Amino acid sequence: MRLTRTISNPSAFASARNRESAVKIFVATHNAHKLKEISQILPGLEIVADNPDGVKETAPDFAGNALIKVRAIAPHHRGAWCMADDSGLEVAALGGAPGVRSARYAGEPSNTPANNALLLRNLDGVEDRKANFTCAIALVDPEGREHVAVGKCFGAIACSPSGAEGFGYDPLFIPDGCSKSFAELSADEKNAISHRGRALEKVKEIVGDWGTGNGVA
Ligand code: IMP
């Protein structure tokens, strides 16, 4: 069964853009944390979560998987904006793992404490702890054209978790130039430097005023 859920208040966008109603965008995800961050970074849009069931993320990279997810919902929302986020953590000393398997690193079903524990075990005694998050955002615009924006955030994996904010690997990720983990930062602080924040800044350039989809690519 398809489930949709609106999570943001459209009024801010309406006044900001001097429009009668907010632009509606359908986001293909089950992940409430991602939705929250997307709505914080793109305030004022009417963001509607669409749960695409049974979608297999079979692409070898984040952009490919983001496109698979957005293509699963776009035919149900013709004439509207659709979006999907595929993201994950890449650790240099692990050859880029967990990468596209970040959500299920310790196996199915996705289990964040198990993923984080496995990551720490696999890096036990490893000196090179360089890592980066990558986020690919795939969009289908109201005319059916596809766009992809990618953002990265570089840093290192801590030896133990710290902080209670955010989600996923946030307690283990120390962004470059920062002494705190992502999970110790406020939402605004994380969004300003995160892979998702950076990808969505590029999305803003691509879509312009969300009216035509003919912004700067
Ligand atoms: P996806 O739903 O297949 O894109 O999987 C994303 C997975 O990557 C999440 O379940 C997290 O484990 C991890 N991830 C992605 N973005 C973040 C983030 O901002 N913080 C922490 N972990 C993240």
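Over which residues does pLDDT stay under 50, and how many contacts beyond four places in sequence does the model have for them? In this predicted model, pLDDT stays under 50 over residues 9-19, a stretch for which the model has 16 contacts beyond four places in sequence. Residues 212-217 also have pLDDT below 50, with 14 contacts in the model beyond near neighbours in sequence. For the chain, the mean pLDDT is 90, and 89% of the residues reach 70 or more.

The largest nonpolar core contains 50 residues. The members that touch the most others are A66, V70, C82, M83, I137, A138 and L139. Two or more residues of this core come from each of the strands β2 (24-28), β3 (46-50), β4, β5 (130-140) and β6 (146-157), and from each of the helices α2 (32-41), α3 (62-73) and α6 (195-207). Strand β5 supplies the largest share, 8 residues.

The contacts of C82, one of these core members, were examined individually. With neighbours within four places in sequence left aside, C82 is in contact with F26, A28, V70, I73, A74, H77, L139 and V140. Among these partners, V70 and L139 are also listed with C82 as touching the most other members of the core.

The ligand is surrounded by 19 residues, of which S87, G88, S102, A103 and G168 are the closest. By class, the shell comprises 9 polar, 6 nonpolar and 4 charged residues. Strand β4 (residues 81-91) contributes the most to this shell, with 4 residues.

Terms used:
Residues numbered from 1 in each chain as written. Predicted model: local features only at pLDDT ≥ 70, side-chain atom pairs only at ≥ 80, totals over all residues. Near = placed C-beta within 6 Å. Nonpolar A, V, L, I, M, F, W, Y, C, P; charged D, E, K, R; others polar. pLDDT = per-residue confidence, 0-100. Contact = placed C-beta atoms within 7 Å. Core = buried A, V, L, I, M, F, W, Y, C linked by C-beta atoms within 7 Å. Buried ≥ 20, exposed ≤ 12 C-beta atoms within 10 Å, placed from the backbone.
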